[in-house]
Amino acid sequence: DDLDSPYFDADAHTNQLVHESSVHDLLETEERLALQVRTLDSTMQTLVYENYSKFIDATDAIRSIGVSVQANDEGLAKLASGMHTIDEQSRAVEDALGGLRDQVAEKLRVKRLLTRLDALLKLPATLKQQIAAGNFPGPCPVIFNGPEEDLEEAVAAGATAVVLGAESITKAKNAESAEIIWKATTQEEVAAIVEAGYESAFLIAANDEINSIIEAIPQGAAIIAVLEAMQEENEEIEEAKELKTAGCTSVLVKKSCVGDGEDIEYAAFIVDGITKKKSSQFNMTGLTGSTNGHFGGVASSVGRTWLRMKRNNGEQN
C-alpha cells in the first residue's frame with residue numbers, strides 16, 4: 001500500500017482495489033490519488049521556479065562582479081602607483097636623516113649618562129635629607145592657624161586641618177573639607193564648642209586650668225596640648241608626660257623648628273624624650289648617629305642647654 005516504496009506493484013494494487021472495494025471506495029481512492037498528483041505537480045513547479053530564480057540571481061551577481069573588477073582596475077593601478085611613490089619617498093627620508101638619527105641616538109645616550117652623573121652628584125645631599133627626615137615622626141600634616149579671612153584660601157591650598165577658636169564657630173562651614181581643631185582656654189569655651197556639635201579635636205594650652213578643661217572635653221576626642229620648646233632643664237619633656245597621663249593624646253611643641261641649625265637635633269631630642277622609655281638603671285638614649293654622632297649611649301641626667309636658648313636669653317638681657 002505504500003506508493004513511495006520501491007517494491008510497490010501498481011497492477012497488483014489496482015486488481016486488489018477492484019476486487020475488494022466497493023464503487024464508493026473506488027471513487028474516494030481515485031479522488032484522493034488525483035489530489036495527491038495535483039499537489040505533487042504544484043510542488044514540482046514551485047521548486048523549479050525557485051531554483052530558476054536563484055540561478056538568475058547568481059548569474060546577475062557574477063556579471064556585476066566582473067563589471068566591478070573591471071571598473072576597479074584603474075583604482076588598483078593608482079593604489080599601486082601611490083604605494084610605489086610612498087616607498088620611494090620613505091627611502092629618500094631614510095637616506096637624508098639616517099645620519100641625524102644616529103646623532104640623536106648618541107645625544108640621548110649622553111643625556112642618560114649625564115642624568116645618572118647628576119643623580120650621583122646629588123646623592124650626598126639626598127642622603128642628608130633622608131637621614132634628617134628619619135628623625136621626624138612620620139609625614140607631617142599641614143595645619144592652618146592664621147587669620148580667619150585666609151581660612152578658605154588655606155583649605156583650597158591643601159591644608160589638612162585648621163585651628164579655630166570658640167568665637168569662630170560660625171566660620172566652621174568655610175572649612176568643612178578640612179579637619180577642625182578647636183582652640184579652647186576655658187571650660188565654658190569647650191561647652192560652647194560641644195553644644196555647636198563639634199567634639200573631634202581640641203587644642204589647649206598647658207596652664208593651671210588644663211585639668212578642668214580636659215575633664216570638660218568629651219571622651220574620644222583628640223586633645224592636643226601646647227608646650228613651649230627648649231625650656232629650662234628641658235622641663236617640656238616631663239610636662240608632656242604629665243599631660244599624657246592627664247588625658248592628652250598629642251603635644252604641640254611651639255617653635256621647635258625655626259630654621260636654624262638645631263631644628264633636626266632638637267626635634268629628635270624632644271621626640272625621643274617624650275616617646276622613649278629610659279632604663280631606671282642605665283638611662284640610655286636612642287638618638288641616632290645623624291644627630292649626635294653615635295648610635296645610642298648613656299644619656300646625661302643634666303638638662304640640655306641649647307644655643308637658641310642662649311641667644312634668646314642674651315637678646316632679652
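**Salt bridges, a helix and a patch**

The count comes to six salt bridges, a salt bridge being a side-chain nitrogen of Lys or Arg within 4 Å of a carboxyl oxygen of Asp or Glu. This is a predicted model, in which local features need pLDDT of at least 70, side-chain atom pairs count only at pLDDT 80 or more, and totals for chains, interfaces and linings use all residues. Residues are numbered from 1 along each chain as its sequence is written, and side-chain values use heavy atoms, with hydrogens and water left out.

I begin with helix α2, residues 23-133; helices (H or I, at least four residues) and strands (E, at least two) are DSSP runs, numbered from the N terminus. Within α2, R91 and D87 lie four residues apart, about one turn of the helix, and their side chains meet in a salt bridge at 3.1 Å, N to O. R91 is exposed, at 53% relative accessible area, whereas D87 is partly exposed, at 36%. Here buried means under 20% relative accessible area, exposed over 50%, and partly exposed in between (1.4 Å probe, protein chains only). A second pair in α2, R109 and E106, is three residues apart and forms a salt bridge at 2.6 Å, N to O.

Next, helix α6. Residues 235-246 make up this helix of 12 residues, which reaches 16 Å from its first C-alpha to its last. Its buried residues are E236, I237, A240 and L243. Seen down the axis, they fall within an arc of 125°, so they line one face of α6; the arc is that of the directions from the helix axis to the C-beta atoms. These buried residues pack against α5, β5, β6 and α7, where contact means heavy atoms within 4.5 Å. On the other side of α6, E242 and T245 are exposed. Just after the helix, G247 takes a positive phi of about 125°.

Finally, the surface. V110, L114, L117, L120, L121, L123 and L127 form a nonpolar patch with about 670 Å² of accessible area together. Patches consist of residues with over 30% relative accessible area and no salt bridge, like charges being joined within 9 Å and nonpolar side chains (Val, Leu, Ile, Met, Phe, Trp, Tyr) within 5 Å. Accessible areas come from the Shrake-Rupley method with a 1.4 Å probe, and for residues only the protein chains shown count as cover. V110 is found in α2 and is partly exposed, at 34% relative accessibility.

Notes:
Expected span 1.5 Å × (residues − 1).
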